[in-house]
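Here's a quick walk through one model, with an eye on its sheet and its rings. Have the viewer open as you read.

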Amino acid sequence: MKKLIFIMALCGAMLFCSCKSGIGSATGSSVNYTVAKNYFFKNNAEIPANPKISSADEFQNLFGMAAVMGKDGMPTAIDFSKQFVLAVVLPVTDVATEIQPLDVKVQDGELVYEYSVKTGEKMTYSMQPMKLIVLDREYDGLNVKMVEK
């Protein structure tokens, strides 16, 4: 029994140490964010020059809701009085494309959003790849630096 408790404590300590801490370091302080789900980029909208979207009106001009059946079918709720959105929107393509958020951090007075873009097979239809993340309004005043890795 003592061995089992020791092993569980050791595993817990290893898991704790491997988690992202969010505490400041030489590479910046990690920022918590939520990936917004079940939205689409509107066909008649122009890809925004600035990835930061701070108002509901601006957001509604660019994105529509895409609710689907099931447990997680509703679009992610966004409260623009407390939150804002960073959007990565790519041109329409017929190649399977996935945008994956990697990290968001405050570094040198900027909000740095690191993401990757993975492409796959040619498809028989077109898509407009996009990814939305929702952040606390406390970071809204910072300049945003987008870094594709």
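## A charge over a ring

A charge counts as sitting over a ring if NZ of Lys or CZ of Arg is within 6 Å of the ring centre and within 35 degrees of the ring normal. Keep in mind that this is a predicted model. Here, Lys-52 lies over the face of Phe-84, 5.9 Å from the ring centre.

## The sheet

Let's look at the strands next. There's an open sheet of four strands, ordered E2-E9-E6-E4, with antiparallel pairing. Strands E2 (34-36) and E4 (52-53) sit at the edges with a single partner strand each, so one side of each has no neighbour in the sheet.

Strand E6 (residues 83-89) and strand E9 (residues 130-136) run antiparallel and are joined by seven bridges. Within that pairing, Val-89 stands opposite Met-130 in E9.

## Aromatic pairs

How many aromatic pairs does the count come to? Five. One of them is Tyr-39 with Phe-59, an edge-to-face pair at 5.1 Å centre to centre with 85 degrees between the planes. The two are 20 residues apart and link distant parts of the chain, with Tyr-39 in strand E3 (residues 39-41) and Phe-59 in helix H2 (residues 56-62). Both Tyr-39 and Phe-59 are buried.

Phe-41 and Phe-63 have ring centres 5.5 Å apart and planes at 70 degrees, so that pair is edge-to-face. Again distant parts of the chain are linked: Phe-41 belongs to strand E3 and Phe-63 to strand E5 (residues 63-65), 22 residues apart. Phe-41 and Phe-63 are both buried.

Definitions and conventions: Residues numbered from 1 in each chain as written. Predicted model: local features only at pLDDT ≥ 70, side-chain atom pairs only at ≥ 80, totals over all residues. Heavy atoms only, no water. Pairing = 2+ DSSP bridges. Phe/Tyr/Trp six-rings, centres within 6.5 Å; stacked < 30°, edge-to-face > 60°. Buried < 20%, exposed > 50% of the residue type's maximum accessible area, 1.4 Å probe, protein only.
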